[in-house]
Amino acid sequence: MKIIYQTIINTLLFMALARVLPSLFFIDNFITAIIAGFVLVLLNMTIKPLLHIISFPITLITFGLFSLIINGLTLEIVAWLINGFVLRSFSAAIIIALIMSIANSFVGYHAFQQRR
């Protein structure tokens, strides 16, 4: 159930960000957004923890800011895997990752509060 929930949230965020920031980010259609959201969830469950383990020393030195680079890299991998999901540059990927992280933490916090 958590995978479906995260996929829906990522899909809605992708669609909103593509509409609000068209100079940084482009999505072909809604189906592409759903597929990209699902792929992002899968990457966050598999590859992202490995990247965090490998980059722990530099993340520690940068007080956690290197996590944004990892999130941007994860989005770049999604863009590489999915046709119709275009990030204009790596800095655009980092900006999108920052916005998505903030939105996901806000939505996740409120979803957790509703369950209690």
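Confidence is considered first. The protein chain has an average pLDDT of 90, and 93% of the residues score at least 70. Among the elements of the chain, helix 4 has the highest mean pLDDT, at 95. Helix 5 (residues 90-115) has the lowest, at 82. Where pLDDT is low, the predicted coordinates should not be read in detail.

Helix 1 (residues 2-20) packs against helix 2 at an angle of about 125°. The two axes lie 8 Å apart. Helix 1 is therefore oblique to helix 2. The crossing of helix 1 past helix 2 is right-handed. From helix 1, the contact involves Ile3, Gln6, Thr7, Asn10, Thr11, Phe14 and Met15. Their counterparts in helix 2 are Phe30, Ala33, Ile34, Ala36, Gly37, Phe38, Leu40, Val41 and Met45. By class, this contact of helix 1 with helix 2 has eleven nonpolar and five polar residues, and no charged ones.

Helix 2 (residues 30-54) also packs against helix 4 (residues 66-81). Here the angle is about 135°, and the axes are 10 Å apart. Helix 2 is therefore oblique to helix 4. Helix 2 passes helix 4 in a right-handed crossing. Helix 2 contributes Ala36, Val39, Leu40, Leu43, Asn44, Lys48, Leu51 and His52 to the contact. Helix 4 contributes Ser67, Ile70, Asn71, Leu73, Thr74, Leu75, Ile77, Val78 and Leu81. By class, the contact of helix 2 with helix 4 has eleven nonpolar, five polar and one charged residues.

Two loop residues follow. Phe63 is located in the loop between helix 3 (56-61) and helix 4. Most residues other than glycine have a negative phi. Phe63 is not a glycine, yet its phi is positive, at about 55°. With a relative accessible area of 78%, Phe63 is exposed.

Gly84 sits in the loop between helix 4 and strand 2 (85-87). Its relative accessibility is 19%, so Gly84 counts as buried. Beyond its neighbours within four places in sequence, Gly84 is in contact with Phe26, Ile27, Asp28 and Thr32. Gly84 and Leu60 are separated by 24 residues in sequence. In space, the C-alpha atoms of Gly84 and Leu60 are 35 Å apart.

Definitions and conventions:
Residues numbered from 1 in each chain as written. Predicted model: local features only at pLDDT ≥ 70, side-chain atom pairs only at ≥ 80, totals over all residues. Heavy atoms only, no water. Axes fitted to C-alpha atoms, helices over the stretch in contact; angles between N-to-C directions. Helix = DSSP H or I, 4+ residues; strand = E, 2+ residues; numbered from the N terminus. Parallel < 35°, antiparallel > 145°, perpendicular 65-115°, else oblique. Left-handed = near helix turned anticlockwise from the far one by under 90°. Contact = heavy atoms within 4.5 Å. Nonpolar A, V, L, I, M, F, W, Y, C, P; charged D, E, K, R; others polar. Buried < 20%, exposed > 50% of the residue type's maximum accessible area, 1.4 Å probe, protein only. pLDDT = per-residue confidence, 0-100.
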